[in-house]
Amino acid sequence: MVANKAEVHVEKADLIERLKSEMGYSEDEAAKVVDAMMESITESLSKGDKINLPGIGTMAVVERTSRKGEEQPAGKDIKFSPGKRLKDALTSLDFITKGLE
């Protein structure tokens, strides 16, 4: 994980390490799994498919209209709707971190 002040970023290498430690995969096997998942998600979204990861959320490509005063032209965006498990996890984190502010 890469930490930058208050931000922590999970990177591809972190996912590979997690698969190695939890599933007993070799470095090469874990990298292939992560690559296949990323390729599958990218391919599905590029075809306009909706992706549902139970507990995590749903991703879908949506049309974005140009708004007056915006420099971005109309196009496509990815909309992410968090699932219940993720919402619950974020809510409990919010409760924990409120006292740190």
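Guide: In this predicted model, "buried" means a relative accessible area under 20%. Keep that cut-off in mind for Arg64.

Visitor: Okay, what makes Arg64 count as buried or exposed?

Guide: Its relative accessibility is 15%. The cut-off for buried is under 20%, so Arg64 counts as buried. You'll find Arg64 in strand β4, which covers residues 57–64.

Visitor: And how do you know what the side chain of Arg64 pairs with?

Guide: A polar contact of 2.8 Å joins it to the side chain of Asp77. A polar contact needs N or O atoms within 3.5 Å, so the 2.8 Å between Arg64 and Asp77 qualifies.

Visitor: How much of the protein chain counts as buried?

Guide: Of its 101 residues, 13% do. The accessible surface comes to about 8,400 Å², and carbon and sulfur atoms own 56% of that.

Visitor: Now the charged pairs. Why is the link between Asp35 and Lys12 called a salt bridge?

Guide: A Lys or Arg side-chain nitrogen has to be within 4 Å of an Asp or Glu carboxyl oxygen. Asp35 and Lys12 come in at 2.5 Å, N to O, so the pair passes. Asp35 sits in helix α2 (residues 27–46) and Lys12 in helix α1 (residues 12–23), so the bridge ties together parts that are 23 residues apart in sequence.

Visitor: How many salt bridges does the structure hold?

Guide: Eight. One of them joins Glu22 and Arg18, with the closest N and O atoms 2.4 Å apart.

Visitor: How far apart are Glu22 and Arg18 along helix α1?

Guide: Four residues, or about one helical turn. An α-helix has 3.6 residues a turn, so residues three or four places apart point the same way.

Visitor: Which helix holds both Lys84 and Asp88?

Guide: Helix α3, residues 84–97, where the two are four residues apart, about one turn. Lys84 reaches 61% relative accessible area and is exposed, while Asp88, at 41%, counts as partly exposed.

Visitor: Which residues are linked in a network of salt bridges?

Guide: Glu17, Lys20 and Glu27.

Visitor: How do you know how the reach of α1 compares with the expected value?

Guide: α1 has twelve residues, and its first and last C-alpha atoms are 16 Å apart. The expected span is 1.5 Å times one less than the number of residues, which for α1 gives 16 Å, so the reach is close to what's expected.

Visitor: And what does the backbone do just after α1?

Guide: Gly24 takes a positive phi there, about 75°.

How values were computed
Residues numbered from 1 in each chain as written. Predicted model: local features only at pLDDT ≥ 70, side-chain atom pairs only at ≥ 80, totals over all residues. Heavy atoms only, no water. Buried < 20%, exposed > 50% of the residue type's maximum accessible area, 1.4 Å probe, protein only. Areas by Shrake-Rupley, 256 points an atom, 1.4 Å probe, with all protein chains shown as cover. Polar contact = N/O pair within 3.5 Å; in protein donor to acceptor, adjacent residues only side chain to side chain.
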